[in-house]
Amino acid sequence: MAGPVTFRPREAGRGCSSEYPEEHKGEAGAAEPVEQQRSHTPDAAARVESYALKDSDPLRALVPTGVEARLESYATTTLRLTEVFFSLQGETSRAGLPTVFVRLSGCPLRCRWCDTPYSFQGGETVTLAALLARVADYGVPTVCVTGGEPLAQKNCLSLLTALCNAGYSVSLETSGALDIGKVDPRVSRIVDIKPPASGEAARNRWENLAHLTPHDEIKFVLADRADYEWAREIIQVRGLARICSVLFSPVQGELPPAHLADWILADRLPVRLQVQLHKLLWGNVPGK
Ligand code: SF4
């Protein structure tokens, strides 16, 4: 897989019109700064203008449209950030892949077994440009945007699109309580369905199912046998396994993974059991 394009906003006072190799100084033509060329003769300005790409020039198609405006918006768009960290992906079909995690702050839900309550409040305000630069510093092509509930911030949509535009393979972990319909379709959406023991089953936004494709994944985090039977019913009634991969995770410390495995096998459910790899490796610690 190709590596991501490293994003660096253009620095003030730098650029192709005012910077050129030392050995080219004094040569005629484009190697000189535009301002100097314009001061030489009246003809020089017209000569420089002729180097600009006309709309009819076939090379024009190679210049992405809206790039300047996009970079400006990266400098003014802000997000509330809990942490950026580098670890192995612990869940989903990407489990085991070195991944940069962007954990956004805030969540309107309060799942009983939530393992990231430190993301509910606080965090730092960062620009989209600064956040992209921090992700690029890790130099890996896989990024996971998580929370909290990342979609609780409207600028999360801009972040996801910017990451895709920069060439990353992007996944989004979301509670399933908010609209996923406006998420960039290049993003792999990992959508929770909250079972009763979470305390948040009433927040499931069932309309989200209509947006899912085989590129996405559905996740149930299950605390007990009652949760399991509820999830089994939902899968059958709504035909979830025909939409995309379905993941079952046991709540750590409440449901032994082997019990869940036995139930899945007994029912021949078309789901994937997952244990949180990062917790097996490092325990439940922030930043891993
Ligand atoms: S949706 Fe996620 S972050 Fe929010 S309370 Fe539930 S488990 Fe925690």
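Does Leu131, with its C-beta neighbours inside 10 Å, count as buried or exposed, and what is the number of those neighbours? In this predicted model, Leu131 has 23 C-beta neighbours inside 10 Å and therefore counts as buried, since the cut-off for that class is 20 or more. The residue belongs to helix H4, which runs over residues 128-138. Leaving aside neighbours within four places in sequence, Leu131 is in contact with Leu79, Leu81, Val102, Val126 and Leu159.

The buried residues of H4 are Leu128, Ala129, Leu131, Leu132 and Val135. These residues lie on the same side of H4, because the arc they cover around the axis is only 160 degrees. After the helix comes Gly139, with a positive phi near 65 degrees.

The protein chain contains eight helices and nine strands. It has 288 residues, of which 30% count as buried. Among contacts between residues at least 6 apart in sequence, 70% join residues that are at least 24 apart. In soluble globular proteins, nonpolar side chains tend to be buried together. Here, the largest nonpolar core has 47 residues. Within that core, the residues that touch the most other members are Val143, Val145, Leu159, Leu160 and Leu222.

When neighbours within four places in sequence are set aside, its contacts are Val102, Leu104, Pro150, Cys156, Leu159, Leu160, Val170 and Leu172.

H6 is made of 14 residues and reaches 20 Å from its first C-alpha to its last, close to the 20 Å expected at 1.5 Å a residue. Its buried residues are Asp227, Tyr228, Ala231 and Ile235. Because they cover an arc of only 100 degrees around the axis, they sit on the same side of H6. The partners against which these buried residues pack are S7, strand S8 (245-250) and H7. On the face turned away from the buried side, H6 carries the exposed residues Arg225, Ala226, Glu233, Gln236 and Val237. Just after H6, Gly239 takes a positive phi of about 60 degrees.

Asp224 lies in the loop between strand S7 (217-222) and helix H6 (225-238). How exposed is this residue, judged by the other C-beta atoms within 10 Å? Asp224 has 17 of them and so counts as partly exposed. Not counting residues up to four places away in sequence, Asp224 touches Ala197, Glu254 and Leu255. The C-alpha atoms of Asp224 and Pro250 are separated by 8.2 Å, although the two residues are 26 apart along the chain.

The surroundings of the ligand come next. The ligand is surrounded by Cys107, Leu109, Arg110, Cys111, Cys114, Thr116, Gly147, Gly148, Glu149 and Ser175. Sorted by class, this shell has four nonpolar, four polar and two charged residues. Two of its members, Gly147 and Gly148, are joined by a cis peptide bond with an omega of about 10 degrees. Gly148 is found in the loop between strand S4 (142-146) and helix H5 (156-165).

Thr92 is a residue other than glycine with a positive phi, near 70 degrees. This threonine lies in the loop between strand S1 (78-88) and strand S2 (98-104). Thr92 counts as partly exposed because it has 19 C-beta neighbours inside 10 Å. Arg268, which is also not a glycine, has a positive phi of about 50 degrees. Its place is in the loop between helix H7 (257-267) and strand S9 (272-273). With 6 C-beta neighbours inside 10 Å, Arg268 counts as exposed.

Technical notes
Residues are numbered from 1 along each chain as its sequence is written. This is a predicted model: local features need pLDDT of at least 70, side-chain atom pairs count only at pLDDT 80 or more; totals for chains, interfaces and linings use all residues. A residue is near a molecule or strand if its C-beta atom, placed from the backbone, lies within 6 Å of it. Ala, Val, Leu, Ile, Met, Phe, Trp, Tyr, Cys and Pro count as nonpolar, Asp, Glu, Lys and Arg as charged, and the others, Gly among them, as polar. Helices (H or I, at least four residues) and strands (E, at least two) are DSSP runs, numbered from the N terminus. A residue is buried if 20 or more other C-beta atoms lie within 10 Å of its own, exposed if 12 or fewer, and partly exposed in between; C-beta atoms are placed from the backbone. Two residues are in contact if their C-beta atoms, placed from the backbone, lie within 7 Å. A nonpolar core is a set of buried Ala, Val, Leu, Ile, Met, Phe, Trp, Tyr and Cys residues joined through C-beta atoms within 7 Å. The expected span of a helix is 1.5 Å times one less than its number of residues. The arc is that of the directions from the helix axis to the C-beta atoms.
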